[in-house]
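Here are my notes on this model, as numbered points. Please read them with the structure open.

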Amino acid sequence: MKIPHPLFGLLLCASLFGMGAAVNAATATKVEIIATNKSEEVGEVSVTWDDGKSERLTKGAHAEQPKLGPDGLIGWVWSKERHADLWVSEHLRVQRGKQLLFEVTSGKPFIEDWGFVAEGLAVKSRAAHGPAWVELFSLADGKRITLIEKAFGDGLPAWAKPYNDD
C-alpha cells in the first residue's frame, strides 16, 4: 500500500517531534554555579541530569542563584554588565531541560532572591538603595502578574512573605 505524500510528511513530522521530546526528556537533579573567578560568586551554570551526566549550559553568562523547580524546571540569574563593582543581575532565565521557556527582567537592577512558588515565579529585586520590589511572574509565559513596590509590612500575600524585608 502506498502512503499519499501529504500523509507521509505529517507522519514523519509527528515521529520526529516525538523523538525530539524523548531526547530532551532529561530532568535536572542538580544545578550549580562553577565560578569562573574565585573572587566572585558568578560563573557558569552546570547541570546534573537524572541519568548522572553533567554538563555546562552557559558560556560567559555571569550566572548566579541557580535553582531547581517543579516539573523539571531550572532557573538562574545572569548579568551582562557591571555597575561599579557589582554585576547588574536583572535577568532571570527559566528552562525545562535545555529548552529556554522564557527570560524575565526584574523591575529593579539587582535580583537579590527568587524562587519557584505555587503561584508562579517570585523575584525580589532592588536598586543600589531603597526598598525592594517583589514581582510574581507566570510560569506559563514569563509575563508579570503582580508587582509589590515595597517588600515589607503585614499585607504581603503568602507567596511574597519569604521575600519580606522586615
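1. Asp71 sits in the loop between β4 and β5. Strands here are DSSP runs of E with at least two residues, helices are runs of H or I with at least four, and both are numbered from the N terminus. Asp71 is no glycine, yet its phi is positive, about 55°. The residue is exposed at 67% relative accessibility. On this scale, buried means under 20% relative accessible area, exposed means over 50%, and partly exposed lies in between (1.4 Å probe, protein chains only).

2. A word on the source: this is a predicted model, where local features need pLDDT of at least 70, side-chain atom pairs count only at pLDDT 80 or more, and totals for chains, interfaces and linings use all residues. Residues are numbered from 1 along each chain as its sequence is written, and side-chain values use heavy atoms, with hydrogens and water left out.

3. His62 also deserves a look. Its phi is near 50°, a positive value in a residue other than glycine. His62 lies in the loop between β3 and β4. With 26% relative accessibility, His62 is partly exposed.

4. Leu57 belongs to the loop between β3 (54-56) and β4. It counts as partly exposed, at 23% relative accessibility. Contact means heavy atoms within 4.5 Å. Leaving aside neighbours within four places in sequence, Leu57 is in contact with Val45, Val47, Trp49, Ile74, Trp76, Gln95 and Lys98. Val45 is 12 residues away along the chain, with the C-alpha atoms separated by 5.6 Å.

5. Is Ile74 buried or exposed? Ile74 is buried, at a relative accessible area of 0%. This residue is part of strand β5 (residues 73-78). Gln95 is 21 residues from Ile74 in sequence but 5.4 Å away in space, C-alpha to C-alpha.

6. How many aromatic pairs are there? The count is 1. The rings of Trp114 and Phe116 have centres 5.1 Å apart and planes at 70°, so the pair is edge-to-face. The rule takes rings of Phe, Tyr and Trp (its six-membered ring) with centres within 6.5 Å; planes under 30 degrees apart are stacked, over 60 edge-to-face, the rest tilted. Trp114 is buried at 1% relative accessible area. Phe116 is buried too, at 17%.

7. Lys67 lies over the face of Trp114, at 5.1 Å from the ring centre. The test asks for NZ of Lys or CZ of Arg within 6 Å of the ring centre and within 35 degrees of the ring normal.

8. The largest pocket holds about 240 Å³ of space. A pocket is an open set of points on a 1 Å grid, with protein on both sides within 12 Å along at least five of seven lines; lining residues have an atom within 4 Å of a point. The lining includes Glu40, Arg82, Trp87 and Phe110. β4 (63-68), β7 (86-87) and β10 (110-117) each supply at least two lining residues. By class, the lining has 5 nonpolar, 2 polar and 5 charged residues.

9. Finally, the overall layout. The protein has 1 helix and 13 strands. Of its 166 residues, 38% count as buried.

Note on methods: 1 Å grid on protein atoms, 1.4 Å probe; cavity = no way out; pocket = protein on both sides within 12 Å on 5 of 7 lines; lining within 4 Å. Points joined across faces, edges and corners; volume = space filled by probe spheres on them. Nonpolar A, V, L, I, M, F, W, Y, C, P; charged D, E, K, R; others polar.
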